[in-house]
Amino acid sequence: MERIYKKAIKTWGIENQIDMFIEECSEAIVALQHFKRGRIGTEKVCEELADVEIMSTQMRIVFSAKNIDKVKTSKLKRLIKRAKKEVLWKGTRE
Ligand SMILES: [Mg+2]
């Protein structure tokens, strides 16, 4: 599968693929707003999210998956801490 992503980057170049990622992110943002207003269904949202994931995977190759995962791990640890705090805080309110 990774071969397809690398082929896309090689074919269209890094700069174009970054532009495509930006474009797909904006399409997903618009789709989510339209979904919230009941103008489109989940199928269209999934289509746009799939586009973002495809481009996101290419960005992982461009910007180093290893470095992204390092940051991701520490952010997920922080998220767990925050979620635990939230649960504890909610527990004191109820
Ligand atoms: Mg799209």
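This is a predicted model: local features need pLDDT of at least 70, side-chain atom pairs count only at pLDDT 80 or more; totals for chains, interfaces and linings use all residues.
Student: Great. How many helices and strands are there?

Tutor: The protein has four helices and zero strands, and from the N terminus on the order reads α-α-α-α. Both kinds of element are DSSP runs numbered from the N terminus: helices are H or I with at least four residues, strands are E with at least two.

Student: And which domains does the assignment give?

Tutor: Domain 1 (1-63) and domain 2 (65-94). Those bounds come from an automatic or database domain assignment. The C-alpha centres of domain 1 and domain 2 are 26 Å apart.

Student: What radius of gyration does the protein have?

Tutor: The protein has 18 Å, whereas a compact globule of 94 residues would be near 12 Å. The radius is taken over C-alpha atoms, and the globule rule is 2.2 Å times the number of residues to the power 0.38. Along its principal axes, the C-alpha trace spans about 55 × 40 × 20 Å.

Student: What share of the residues count as buried?

Tutor: Of the 94 residues, 5% do. Buried means 20 or more other C-beta atoms within 10 Å of the residue's own, exposed means 12 or fewer, and partly exposed is in between, with C-beta atoms placed from the backbone.

Student: Why is Ser64 called exposed?

Tutor: Because Ser64 has 11 other C-beta atoms within 10 Å.

Student: Back to packing: how do the axes of H1 and H2 meet?

Tutor: The two axes come within 6 Å and cross at roughly 115°, so H1 is roughly perpendicular to H2. The contact is made by Ala8, Ile9 and Trp12 of H1 with Ile14, Asn16 and Gln17 of H2. These residues divide into four nonpolar, two polar and no charged.

Student: What are the cut-offs behind those words?

Tutor: Axes are lines fitted to C-alpha atoms, for helices over the stretch in contact, with angles from 0 to 180 degrees between N-to-C directions. Angles under 35 degrees are roughly parallel, over 145 roughly antiparallel, 65 to 115 roughly perpendicular, and the rest oblique. Contact means C-beta atoms, placed from the backbone, within 7 Å. Ala, Val, Leu, Ile, Met, Phe, Trp, Tyr, Cys and Pro count as nonpolar, Asp, Glu, Lys and Arg as charged, and the others, Gly among them, as polar.

Student: And how do H1 and H3 cross?

Tutor: Their axes come within 10 Å and cross at roughly 75°, which means H1 is roughly perpendicular to H3. Tyr5, Lys6, Ala8 and Ile9 of H1 make the contact with Thr57, Gln58, Ile61 and Val62 of H3.

Student: Last one: where is Ile18?

Tutor: Ile18 is in helix H2 (residues 14-36), and is partly exposed because 16 other C-beta atoms lie within 10 Å.

Methods
Residues are numbered from 1 along each chain as its sequence is written. Two residues are in contact if their C-beta atoms, placed from the backbone, lie within 7 Å.
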